Amino acid sequence: MAAHRGDADEMHERALVEQGAYAIAARFQVTLAEAYRHLGALAREFGISMSEAAEALLGDRPLTSFNRRSDSAFLDPTRYLRPSYEPPMAETGRAEPVPDPPEPPEWVDEVFSGILGNALYAMPLYDDGRITDFVIVRITEAAESELGELARKAIGQRIRDTNPHVLSGGLIEQYIRAFETGRPFARGPFEQMIVGPHGTESVVVTVRAARAGPGLLLSWKYTTEEERLRARWEQSERLAGLGWGEWNLFTNRVEWTRRMYDIFGRDPGEGPVRVEEMPGLLLPEDLPAMEEAFRTLFEYREAVDTEFRIRQRSGIRHVNMMLEPVLDSDARPVAVRFLAQDVTDRRRQERVLAATHQRLLEENRRAEEERRFAVRLRQVILAQQDPSPTVSGMDIAVRYHTTERIGGDWHKATQLPSGRVLLAIGDAMGHGLSAATQMVQMRSGLAGLAYTGAEPGELMTWLNELVRAEPGGGEAGTGTAVLGHFLPEDRTLRWSRAGHPPPVLVRRGRARLLEGEAGPMLGVLDEPRYPVAVTALETGDLLLFYTDGIIDRRDMDPDAATARLLSAAAGADGPPTDRLDRIIKETGADQMEDDVCLLAAVVR
């Protein structure tokens with residue numbers, strides 16, 4: 001408590017210093033900073049604090065009534081400001097009235113006799129043709145009654161002198177603008193510190209100013225503590241969506257706050273809903289809940305929290321209501337107080353979340369079923385593939401790394417009736433069942449088309465037509481591939497590719513990408529062109545076919561990943577299986593987030 005009193009005392013002193021500085025600035029037409037310096041010099045001259053000096057300027061207590069003090073820390077003006085110099089003050093005391101203030105029009109007295117609130121009438125003061133202030137010439141009885149001697153002394157004073165806060169708040173400029181333009185000015189409610197008849201206090205005020213004839217009509221209204229509490233309660237009700245009410249059991253009278261009318265969709269002019277009308281508002285299926293709530297209130301004398309739905313002009317609303325019995329000295333209910341909240345939006349969100357959750361569960365279930373089916377489908381397909389097929393003129397090995405994300409990677413290596421060796425690898429776009437299905441379609445289709453003896457470019461064109469003819473489209477309706485024919489008799493590779501990375505050729509410890517023009521992805525164009533490239537091979541050459549999972553990495557750009565693949569392939573030796581194992585280890589292909597398929601063929 002002592003700490004709080006200390007804070008209040010300091011706040012009071014600071015308010016006095018601020019008001020004193022404003023008064024000095026208004027009277028001597030100096031800046032606020034200069035006014036603070038004057039006040040500090042005055043305090044040191046008389047050996048008092050700055051707040052006491054300000055109190056002397058603002059009140060009737062003479063400066064000579066103060067005793068000098070020896071406490072230098074108490075007198076130090078840097079407690080309030082940082083003065084750079086201390087110019088002497090010519091004089092001290094309250095501002096003098098304006099000599100010969102202008103008289104207001106006769107109608108002002110008649111108008112003011114009918115004004116019940118706080119108001120004043122002020123005439124403009126000019127300097128070099130410009131309005132600098134206003135002099136107060138009339139004040140209402142209400143303001144005089146509230147402010148007492150301060151109001152009576154204000155007649156004939158400048159507004160700046162009687163209300164120094166208008167300097168810092170920019171109000172005087174607004175008053176002048178309202179007078180010059182004829183457009184009324186209003187501000188508030190806002191909080192400020194004032195020095196009134198009962199000392200310094202914090203008030204919440206609303207001010208209005210408007211030109212009236214040759215002068216300025218200024219009115220103000222203080223917000224009472226009760227009004228502030230009521231406004232805060234109404235704001236809290238609005239923010240929380242709460243309404244309060246009370247039912248007097250003796251008079252059967254019901255009282256509501258404003259928010260209750262909003263909750264029940266009722267015009268305040270209609271008054272609150274009577275208790276006997278409530279069953280007609282509730283949905284029939286919610287009546288038992290209301291009956292149980294009243295039974296708890298009156299039989300067990302206990303508070304109850306219940307929820308029900310009501311019909312109102314905006315539709316069906318969900319209302320949560322907390323009811324509490326008010327008991328007399330004999331524990332008999334005399335009133336019921338209740339707090340209501342519209343929870344319609346909350347229930348709507350809960351339904352949306354529940355529906356979304358259920359939909360996600362269904363989607364996850366379907367996805368898991370598709371994943372299991374895709375895994376089984378891929379296992380069946382891969383189980384039918386010979387990982388080391390026997391072909392003429394080549395030794396072949398295959399490695400396949402799978403992940404939880406079922407992809408569409410596939411390969412094909414087989415000896416054709418013509419003696420040629422078909423080498424192919426591809427990737428159906430997407431994941432899951434659609435990708436696995438597309439993979440089966442592409443691989444099986446190529447296996448049949450290859451026996452026609454057509455060239456690689458023509459095979460790729462037919463494969464494109466096969467992909468485009470499959471219904472469904474979308475991501476699973478496209479893919480990439482590389483396919484070629486190895487001719488054992490002259491050791492040449494005739495190959496074509498559709499949007500797929502080119503094969504790697506390793507010869508005498510050096511690796512490079514095969515050069516050849518690429519055609520578009522499968523399934524994209526109606527009549528694409530797939531050029532055929534011819535590569536001469538030598539005994540000991542390694543051909544490496546791969547899917548893009550090995551170079552499509554999050555931690556490395558594709559060029560760097562390709563360079564690492566070439567380095568790993570160049571350093572590998574031995575039979576194809578050993579070479580693939582080393583390539584997988586050095587590239588980290590077994591730790592990729594996507595499927596990776598590798599096919600190695602060493603020329604004999």
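The questions and answers that follow concern a predicted model.

Trainee: How many cavities of 30 Å³ or more are counted, and about how much space lies in the largest cavity?

Mentor: With 30 Å³ as the cut-off, the count comes to one cavity. The space that lies in the largest cavity is about 180 Å³.

Trainee: Which residues lie nearest the centre of the largest cavity?

Mentor: The lining of the largest cavity is made up of 14 residues, and the elements that each give two or more residues to this lining are strand 7 (254-256), helix 14 (287-299), strand 9 (315-327) and strand 10 (333-342). By class, the lining has 14 nonpolar, no polar and no charged residues. Those that lie nearest the centre are Val 275, Met 278, Phe 294, Met 321 and Phe 338.

Trainee: Is helix 16 roughly parallel, roughly antiparallel, roughly perpendicular or oblique to helix 17?

Mentor: Helix 16 (residues 433-449) and helix 17 (residues 456-469) have axes 10 Å apart and pack at an angle of about 140°. Angles over 145 degrees would count as roughly antiparallel and those from 65 to 115 as roughly perpendicular, so the relation of helix 16 to helix 17 is oblique.

Trainee: Which residues of helix 17 make the contact with helix 16, and how does that contact divide by class?

Mentor: In a crossing that is right-handed, helix 16 brings Gln 438, Gln 441, Met 442, Gly 445, Leu 446 and Leu 449 to the contact, while helix 17 brings Leu 459, Trp 462, Leu 463, Leu 466 and Val 467. Divided by class, the contact has eight nonpolar, three polar and no charged residues.

Trainee: Is the crossing of helix 18 with helix 19 left-handed or right-handed?

Mentor: The axes of helix 18 (residues 558-571) and helix 19 (residues 576-587) come within 9 Å and cross at roughly 145°. The handedness of the crossing in which helix 18 passes helix 19 is right-handed.

Trainee: How many charged residues does the contact of helix 18 with helix 19 have?

Mentor: On the side of helix 18 are Arg 564, Leu 565, Ala 568, Ala 569 and Gly 571, which meet Arg 582, Ile 583, Glu 586 and Thr 587 in helix 19. By class, four residues of this contact are nonpolar and two are polar, and the number that are charged is three.

Key. Residues are numbered from 1 along each chain as its sequence is written. This is a predicted model: local features need pLDDT of at least 70, side-chain atom pairs count only at pLDDT 80 or more; totals for chains, interfaces and linings use all residues. Side-chain values use heavy atoms; hydrogens and water are left out. On a 1 Å grid over the protein atoms alone, a cavity is a set of points where a 1.4 Å probe fits but cannot get out, and a pocket is an open set with protein on both sides within 12 Å along at least five of seven lines; lining residues have an atom within 4 Å of a point. Grid points are joined across faces, edges and corners, and a volume is the space filled by probe spheres set on the points. Helices (H or I, at least four residues) and strands (E, at least two) are DSSP runs, numbered from the N terminus. Ala, Val, Leu, Ile, Met, Phe, Trp, Tyr, Cys and Pro count as nonpolar, Asp, Glu, Lys and Arg as charged, and the others, Gly among them, as polar. Axes are lines fitted to C-alpha atoms, for helices over the stretch in contact, and angles run from 0 to 180 degrees between N-to-C directions. Angles under 35 degrees count as roughly parallel, over 145 as roughly antiparallel, 65 to 115 as roughly perpendicular and the rest as oblique. A crossing is left-handed if the near helix is turned anticlockwise from the far one by less than a right angle, and right-handed if clockwise. Contact means heavy atoms within 4.5 Å.
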